[in-house]
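The structure is shown first, and the notes follow by topic.

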Amino acid sequence: MSRSALAIVLAAGDGTRMKSDKTKMLHEVAGRAMAAHVVDTVARSGVDETVLVVGRDGDKVAAACASADKTLRTFEQTERLGTAHAVLAAREAIAAGFDDLIVTYGDTPLITAETLGRARTALAERSDVVVIGFEAADPTGYGRLLVRDGALTAIREEKDASADERAVTLCNSGLMAINGRRALEFLDAIGNDNAKGEYYLTDVVEVALAKGGRASVVMADPQEVLGCNNRAELAELERIWQARRRRELMLSGVTMIAPETVFLSYDTEIGPDTVIEPNVWFGPGVRIAANVTIHAFSHIEGASVASGSQVGPFARLRPGAVLHDDAKVGNFCEVKNGDIGVGAKVNHLSYIGDASIGAKANIGAGTITCNYDGVNKARTTIGDNAFIGSNSALVAPVAIGNGAYVGSGSVITTDVPDNALAIARGRQENREGRAELIRARALAIKAAKQSKS
């Protein structure tokens, strides 16, 4: 679109019904602050600039949203005098004279760029105010959009509506687009002659019409304009977001055996022909290539998994975990800041932390890389085709050479050369008949204790 546009995201609400020590704008959907979802959406919708109006926890809200738009500007609403007053906190940005002004809310994280685009199209078609509306099965509590001959004539709050107006099911989402060239003219004309003495953005419709402007409505899916006022509504937003994203991934070629049990983050990437078994959780920063199998009950965060790899079941990949092609991290294994080479296997019951494992190396069950001494962390390097026997402890910093073999039950504290065998464990001794003596002694002690009691 050739028209210039400014988006204002109103994120100054306290959210007292969230019963939280932090503003509701920081509460997360899919691992990302609600307000950041909105900032990201408006940034992707083709606007030229996005500004954020903040109040409580303003610095934290701005920081959370900055990752979604590096050029974001922030304005503070120092008094709570209504939604129009909040928009005017960004007066400096509005005064730059963009063609379009889009107003959104930081607690509506499901809004889509497509809907915002339709609102801008309506402005281009000579509307001065475009309200994003929706059809409600039960409109109770919502402001009604009154339309005559295709034009919006008013937004009527339920308490002020007549019986006929209350029967209207076309409702106001609160989101709108305004002719940017006339925005200050309209906003400055909004009064506060109401019970609360506040300046309501909804009054912009009547102001625009009184000044000879035109108003219209564009429709949205009711789900995408849902707001959030409490934890129950936050959970509903999460449910809808997850269902939407799962469907997108499945339509792109990802198999989910029980999709309702898979939980994704806002930035999860999964390639086609990947299979996700039930009860898998993806935290932020996960990249899964094509043709990967994620077995049930796995937990993945900040990790990258290459094609042909297998993860789980009951595996945990923590930040910095990298699996190269055809690698395997099996059941009850944990990898943190570990690089698992091509075709390498960490099959079961192992912890790999701060380590690099070479191609086709085999890590036996119960192996631990001892990476932390209580103060500092150190790295373990395991070469190509190395074999680490079960129940071994590799005390970092240490290097195991290419083709080296570590005997089961070893505690390795010094480097192992290429193709060497390392065994570091106490020599076994068998003492004939000693087991009987140990049992007799234990029984005597038990009998003595019972006699005293």
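Across the interface of domain 1 and domain 2, one residue pair is in polar contact, with both residues at pLDDT 80 or more. The model is a predicted one. Between the two domains the count of salt bridges is zero.

**Domains and their interface**

- The domain assignment of the chain places domain 1 at 5-224 and domain 2 at 251-422.
- A distance of 46 Å separates the C-alpha centres of domain 1 and domain 2.
- Contact between the domains involves four residues of domain 1 and four residues of domain 2.
- About 290 Å² is buried between domain 1 and domain 2, and 63% of that area is on carbon and sulfur atoms.
- On the domain 1 side, the residues that lose the most area to domain 2 are A30, G31 and R32; together they account for 91% of what that side buries.
- The side of domain 1 that touches domain 2 consists of one nonpolar, two polar and one charged residue.

**The ten-stranded sheet**

- Ten strands form an open sheet with parallel pairing, in the order β12-β14-β17-β20-β23-β25-β27-β30-β33-β35.
- β12 (255-256) and β35 (421-422) stand at the edges and have a single partner strand each, so one side of each lacks a neighbour in the sheet.
- Strands of a sheet pair through backbone hydrogen bonds, in either a parallel or an antiparallel manner.

**Pairings inside the sheet**

- Strand β17 (residues 293-294) runs parallel to strand β20 (residues 310-311), and two bridges join them. The bridge partner of I294 in β20 is V311.
- β20 is also joined by two bridges to strand β23 (residues 328-331), again in parallel. Here V311 stands opposite V329 of β23.
- Three bridges join β23 to strand β25 (residues 345-348), and these strands run parallel. Opposite V329 stands V346 in β25.
- Followed across these strands, I294 is partnered with V311, V311 is opposite V329, and V329 is opposite V346.

**Salt bridges**

- Side chains of opposite charge can pair when their charged atoms come close.
- The count of salt bridges comes to 21.
- One of the pairs is D100 with R120, whose closest N and O atoms are 2.9 Å apart.
- D100 belongs to strand β6 (residues 100-105) and R120 to helix α5 (residues 113-124), so this pair ties together parts 20 residues apart in sequence.

Definitions and conventions: Residues numbered from 1 in each chain as written. Predicted model: local features only at pLDDT ≥ 70, side-chain atom pairs only at ≥ 80, totals over all residues. Heavy atoms only, no water. Domains from an automatic or database assignment. Contact = heavy atoms within 4.5 Å. Buried area = accessible area lost by both parts, 1.4 Å probe. Salt bridge = Lys/Arg side-chain N within 4 Å of Asp/Glu carboxyl O. Polar contact = N/O pair within 3.5 Å; in protein donor to acceptor, adjacent residues only side chain to side chain. Nonpolar A, V, L, I, M, F, W, Y, C, P; charged D, E, K, R; others polar. Pairing = 2+ DSSP bridges. Helix = DSSP H or I, 4+ residues; strand = E, 2+ residues; numbered from the N terminus.
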